Amino acid sequence: VHAELTSRQALDFVCKLRLLNATTTERARLVEETLAVLDLQDRADLLIGKLSGGQRKRVAVGVELLCKPGIIFLDEPTAGLDPGTESGLMAKLKQLAELGKTIICTTHIMDNVDLFDKIAVMAAGGKLAFFGTPAEARAFFDIAKPIELYDRLEEKPANDWLQLYRKSEACKNVQALAAKERQP
C-alpha cells in the first residue's frame, strides 16, 4: 500500500484495478465493508504513512480481502510489530477465519498460537514435525507454553520428529478427518 494515499483511497484504487466491472457504488460498498471488518473506519481518511505498523498491516490485508478470496496466505504478517499490535492483528485474523475465510500464515511468534484452529510445526530443513491443534501440539511436544517448542525441536533430528508425528494421536485425528471428508 502506498504511504501517500489514505486507507480508503488505497482500497478504492485496488478495487478499480482488480474489479474492473464493479460500479462506483459497488466499489464504495466493498471499501467500507473492508474498513469495517478491519476496524479501520476511524483511520480511513488518514494517510497510510501516518498509520501505526499494525494499522498499515491491516490495510495490506484489506487489499487482499476486497476480492473476497476464500483463502488468504500471509507470510509473517506480524513481523516487526510490538506485542500488543501483534496480538490485535492475530485476533483480527481469527475473526476473519470465523467469517468463513481460510487464513494460512507463517509466524515465529508463538504468543497467540492458541488463536489458530490448526498449526503445522516445521523442523529443520522445512520438514513437517507436527500438524494439529495447538493443544495437541503441547501434548505431542510435552510443553507447557508454545514458545518452548523451539528448544524442544532442537532435541531430535527433523526426520525423528516426523516419524514420531506419524505414530501420534494427532496424526490419526487428521487422517480420520481426511477420510471422512473423502466419503460421499
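Lys-94 and Asp-117 form a salt bridge, with the closest N and O atoms 2.9 Å apart; the term denotes a side-chain nitrogen of Lys or Arg within 4 Å of a carboxyl oxygen of Asp or Glu. This pair links distant parts of the chain: Lys-94 is in helix α4, while Asp-117 is in the loop between β2 (102-106) and β3 (119-123), 23 residues apart. Helices (H or I, at least four residues) and strands (E, at least two) are DSSP runs, numbered from the N terminus. Asp-117 counts as exposed, at 53% relative accessibility. On this scale, buried means under 20% relative accessible area, exposed over 50%, and partly exposed in between, with a 1.4 Å probe and protein chains only.

Please note that this is a predicted model, in which local features need pLDDT of at least 70 and side-chain atom pairs count only at pLDDT 80 or more, whereas totals for chains, interfaces and linings use all residues. Residues are numbered from 1 along each chain as its sequence is written, and side-chain values use heavy atoms, with hydrogens and water left out.

The salt bridges come to 11 by this rule. Another of them joins Asp-114 to Arg-138, with the closest N and O atoms 2.8 Å apart. Asp-114 lies in the loop between β2 and β3 and Arg-138 in helix α5 (residues 134-141), so this pair ties together parts that are 24 residues apart in sequence. Both partners are partly exposed, Asp-114 with a relative accessible area of 48% and Arg-138 at 22%. In the salt bridge of Glu-155 with Arg-152, the closest N and O atoms are 2.3 Å apart. Here Glu-155 is partly exposed, at 49%, whereas Arg-152 is buried, at 19%.

I turn now to the aromatic residues. Rings of Phe, Tyr and Trp (its six-membered ring) pair if their centres lie within 6.5 Å, and the count comes to seven aromatic pairs. Ring pairs link Phe-130, Phe-140, Phe-141, Trp-161 and Tyr-165 into a cluster. The charged end of Lys-156 sits over the ring of Trp-161, 5.3 Å from its centre; this requires NZ of Lys or CZ of Arg within 6 Å of the ring centre and within 35 degrees of the ring normal.

Finally, which residues touch Thr-78? Thr-78 lies in the loop between β1 and α4 (83-98) and is buried, with a relative accessible area of 0%. Leaving aside neighbours within four places in sequence, Thr-78 is in contact (heavy atoms within 4.5 Å) with Lys-57, Glu-86, Leu-89, Met-90, Thr-107 and Ile-109.

Conventions
Phe/Tyr/Trp six-rings, centres within 6.5 Å; stacked < 30°, edge-to-face > 60°.
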